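Visitor: I am new to protein models. Could you walk me through this one and tell me what the words are based on?

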Amino acid sequence: MPVVSTDWRQQVAYQIYPRSFADSNGDGIGDLPGITAKLDYLEALGVGIVWLSPVYDSPNDDNGYDIRDYRRIMKEFGTMADFDQMLAGMKARGIRLMMDLVVNHTSDEHEWFKQARSSRDNPYHDFYIWQDPVEGREPTNWEAAFNGSAWTFNEATGEYYLHMFSKKQPDLNWENPKVRQEVYALMHFWLTKGVGGFRMDVINMISKPWQLDPTGQSLPRLPDAPVVQDGFLQPAFEMVTHGPRLMDFMHEMRREVLDHYDCITVGESPCATVEQAQAITDAETGALNMVFQFEHMDVDSQPGKGKWALKPLHLPDLKASLSHWQTALHGKGWNSLYWCNHDQPRAISRFGDDGVFRVRSGKMLATCLHMMQGTPFIYQGEELGMTNVKWHHIDAYQDIETRNMFHVAVTQKRQNPEQVMKAIHAKGRDNARTPMQWTGDAQAGFTTGQPWLAVNDNFAEVNAAQALSDEDSLFHYYRQLIALRKTWPVLIDGQFELLLPKHTTLFAYTRQMASVRLLVLCNFSSQFQGLPLKQLPDISKATPLIGNLPLEEWHLAPDTLAAWEARVYVLS
Ligand code: GLC
Ligand code: CA
């Protein structure tokens, strides 16, 4: 049996959103036996790590990101025996399983919270974050991620509890050592079962900015967020990210758990700066292998107005952001690389062309990302070139964030529903959550029943069966990119240098290690692009490494890139 590779930095990860991956029993919901049945597909792609979105028992207010019991499998997904079988199948294929660890908050149906809310004297009360009303209202002006206040009143105790997400996702009180011990215990539980690491949900939000009363007369309080918009509620994420005790908690977790296993970790870190990411991922003084940062996910929204305030992409912004992360973490930490996940729209619809150039622009985006330094994460269906959906009615959408936003925008803020739907088409999370398209058969071969969320209509053309049988497909291109990472050390350790930073359609950079130097050229447009040869390294004697057009075309037009073309040269 192959063993899990220890050089994880050569590996590419693949994210599975289980509800939408493969349904084995016709109830319309993806499940663990469904995943097990598709492991050969993942092996063929060549990925070495699977990040599995949550599969724990949950009432599904936020599709499993609200956990009721960390040691049970969600009934709809199967049993612990199904889990063990899936894990064994992954191990047999040399694939490491990375579980989703959601411990900034639990479900309000978790036993701890049921106890905690029952009375102020309950031993679990201090597992969560409580504050008394201030002048009869919420203790701070914090707005929750899924709209409304981040505080909900609890009758039984006469206090408010904090929830940075929905009111069914109360935040845990990490200041309480008992909470931390419970978290470490559940991590040990999964690691001893043989899982190979964790993706940690919003982990940089666990330390809250408590303010102590210097006189010691009143209890610690949380401060208000700065006022940047009309009304009482204000965005509060920056208030709670990278809080004062975050690194203490992370170091303790490392000492108590992570250092004792062969495991890989990635911490989801909204609002993280490169300095914060360095602190978290430094091999000596940090705690995790990498973070998911969000800076490049903000380039197509209006600054400070949130993700729904659309703005056309200005390529230099994207380049500046990604290259800043490349150079700042080089030799100091480790990047994760991603275009999309279950919270983001489909990459091709967002940064490429989901019409005639769907496959070509998908290959270009993949090239652009996979030649960078860090661990690439492929989100299910990205390797097939799946695209966004445009449903006309809000009722077609299931995502709590999307539905709440629509409701508030249309009924409270009186925005034009058509405009709001436009934002949903561009940014809504259900774009990524439509069922995986396996075949051209009914329901894309995802289920024999009715899927929980509609299948994208383009499944007859866009599906895995087609992709596997077509040697020119996006799938096979990803396979090649994944393989290159294992044979070209420059991709792992080479230095990154951005070229042509101001160019509005070309994304060009080099990677260099000792005498090996690669040049990556990507055209982010549907137009031909002449290459400004004087500002680029000499390509006249360079050899092609990989690209999304046949080699004859490189030779025919050495100084021009076609629409959405990508080329990688080995410079001599
Ligand atoms: C993370 C997850 C997202 C979830 C949120 C609350 O951002 O990726 O899906 O809604 O945390 O757990
Ligand atoms: Ca099922």
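Guide: Let us begin with two strands: β1 (residues 13–16) and β2 are joined by four bridges and run parallel. Please keep in mind that this is a predicted model, in which local features need pLDDT of at least 70, side-chain atom pairs count only at pLDDT 80 or more, and totals for chains, interfaces and linings use all residues. Residues are numbered from 1 along each chain as its sequence is written, chains are lettered from A and ligands numbered from 1 in the order in which they are written, and side-chain values use heavy atoms, with hydrogens and water left out.

Visitor: What makes β1 and β2 a pair?

Guide: Two strands pair if DSSP finds at least two bridges between them. β1 and β2 have four bridges, so they count as a pair. Within this pair, Tyr-14 stands opposite Val-50 of β2. Strand β2 also pairs with β5 (residues 96–101), again parallel and over four bridges, and there Ile-49 stands opposite Arg-96.

Visitor: How do you know that both faces of β2 are covered?

Guide: Buried means under 20% relative accessible area, exposed means over 50%, and partly exposed is in between (1.4 Å probe, protein chains only). Ile-49 and Trp-51 on one side of β2, and Val-50 and Leu-52 on the other, are all buried.

Visitor: Which sheet do these strands belong to, and why are two of its strands called edge strands?

Guide: The open sheet has eight strands in the order β13-β12-β10-β5-β2-β1-β15-β14, with parallel pairing. Its edge strands are β13 (290–292) and β14 (336–337), each of which pairs on one side only. The partner of β14 is β15 (residues 375–379), parallel over two bridges, and Ser-336 has Thr-375 as its bridge partner.

Visitor: What does an antiparallel pair look like here?

Guide: Take β16 (residues 495–499) and β17 (residues 506–513), which are antiparallel over five bridges. Leu-499 is bridged to Ala-508 in β17. Six residues lie between the strands of this hairpin, and Leu-500 takes a positive phi near 45°.

Visitor: Are Asn-63 and Trp-564 buried or exposed?

Guide: Asn-63 has a relative accessible area of 16%, so it is buried. Trp-564 has 6% relative accessibility and therefore counts as buried.

Visitor: What makes Ala-467 a buried residue?

Guide: Its relative accessibility is 4%, so Ala-467 counts as buried. Ala-467 is part of helix α15 (residues 464–469). Apart from neighbours within four places in sequence, its contacts are Leu-384, Ser-473, Phe-475 and His-476.

Visitor: Which elements cover the buried residues of α7?

Guide: The cover includes α5 (177–193), β10 (197–200) and α8 (274–281). Among the buried residues of α7 (residues 246–256) are Leu-246, Phe-249 and Met-253.

Visitor: How many helices and strands are there, and what makes the chain count as compact?

Guide: The chain has 18 helices and 22 strands. Helices (H or I, at least four residues) and strands (E, at least two) are DSSP runs, numbered from the N terminus. The radius of gyration is 24 Å, close to the 25 Å that the globule rule gives for 572 residues, so the chain is as compact as a globular protein of that length. That radius is taken over C-alpha atoms, and the rule is 2.2 Å times the number of residues to the power 0.38. Of the 572 residues, 59% count as buried.

Key
Contact = heavy atoms within 4.5 Å.
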